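Please keep the sequence and the model in view while reading.

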Amino acid sequence: MTESYRGSGDEMSQDGPYGYGHGDGAHAGGAGQAFPPPPPYRPGGEGTYAGFAGANPAAPQAPQEAPRHRARRPVALIAAVALASGLIGGGSAALIAGATQHRQDSTVSAPLVNAGKTGGSGVSAVAKAVSPSIVEIQARSAEGDSTGSGVVVTAKGEIVTNNHVVAGARTVSVAFSDGSRRTADVVGTDPDKDLALVRVHDAKGLTPASLGDSDRIAVGDQVVAIGSPEGLTGSVTSGIVSALNRDVTVPKSNGQSQGQGQDPGQGGDQWPFEFGGHRYNGDTGSSKTSYKAIQTDASLNPGNSGGALINMAGQVVGINSAMYSPSSATSSTAGSVGLGFAIPVNTVKADLAALRGGGSGGFNSGV
């Protein structure tokens, strides 16, 4: 049996040229024999054995590999744990991110129309985005002058307003948000819906408003109103949708128009309408029409008629058409008390083609 000398944890055979004894007579514990001291190991000598180059063919490799396997196992285990933790952590992060995104998505409003052209947020952003599409309309008829508002619906100069703003008008003048003013023609009227369409002469490059979906608004939604109350072009107010589908009755003609300066001798009853069997702001007369209206507490005043009611995405959802004032109010004291009404924009969109053809009012300027 061959004995081996163990030094620094390595086992070395005593047979052959790499043993430290001499032949068979050299063995551990032999009489009068002693092993010479082993040569020092070369530090860090990879691939060396007892300071000599090359491997020891007689030395078993398993004891050398075993420490390596033992050294790698903790590393592999740590790597596996880290990988599992990463996967679990990543999954948790994804779930958390997804839940957070869902919560955010449920509260974020729709993107603002023309947002790239404006800054700010909320009402100020809506006003900046939509104001270029809202105009002041001055109409002169045999009964006097009236002032209202309108909404640009095409870049070529088509503008929607109320019928009672332009009914019977001989001339129509339109003022834009940049201060410019142009003449316009009445293209078509629809007294039954209190809608009218006018077209500006030689218009090009106008900014049309985005028409939304009035069926999607709800009570409590925030809205913005833009118009020209009392001739104050581009005035902005805000509020909420107070109610839907209100049965509002208004005159078919402009006989008692809300327009500023309309025949001062008549005493100044303004913007008359009926609701719930009662008359407000004066007598609507025998020629009148009813429609389902959006009610809002956004401040509306004489001159807002024909202007826009806008959602917070910058889309027009209604055409302002009537307001309530105390029954004793005159032209000098009339004002908004938070009860305004607007024609739903879906009614407007459904009527546009007919208005371009002259409308049910039978009016067509031929332009």
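Among contacts in the protein between residues at least 6 apart in sequence, what percentage join residues at least 24 apart? The share is 65%, where a contact means heavy atoms within 4.5 Å.

## Basis of the model

This is a predicted model, in which local features need pLDDT of at least 70 and side-chain atom pairs count only at pLDDT 80 or more, while totals for chains, interfaces and linings use all residues. Residues are numbered from 1 along each chain as its sequence is written, and side-chain values use heavy atoms, with hydrogens and water left out.

## Overall build

The protein has 4 helices and 19 strands. These are DSSP runs numbered from the N terminus: helices are H or I with at least four residues, and strands are E with at least two. Of the 367 residues, 40% are buried. Buried means under 20% relative accessible area, exposed over 50%, and partly exposed in between, with a 1.4 Å probe and protein chains only.

## Helix 2

Helix 2 spans residues 122–130 and contains Ser124. With a relative accessibility of 38%, Ser124 counts as partly exposed. Its C-alpha lies 9.1 Å from that of Val236, although 112 residues separate Ser124 and Val236 in sequence.

The buried residues in helix 2 are Ala125, Val126, Ala127, Ala129 and Val130. They pack against strand 5 (134–141), strand 12 (222–227), strand 13 (235–251) and strand 17 (308–310).

## Helix 4

Helix 4 (residues 345–356) has 12 residues and reaches 16 Å from its first C-alpha to its last, close to the 16 Å expected at 1.5 Å a residue; the expected span is 1.5 Å times one less than the number of residues. In this helix, Val345, Val348, Asp351, Leu352 and Leu355 are buried. Because they cover an arc of only 145° around the axis, they lie on the same side of helix 4; the arc is that of the directions from the helix axis to the C-beta atoms. An α-helix has 3.6 residues a turn, so residues three or four places apart point the same way.

On the other side of helix 4, Ala350 and Ala353 are exposed. The cover over the buried residues of helix 4 includes strand 9 (181–190), strand 18 (315–323) and strand 19 (340–344). After helix 4 comes Gly358, with a positive phi near 115°.
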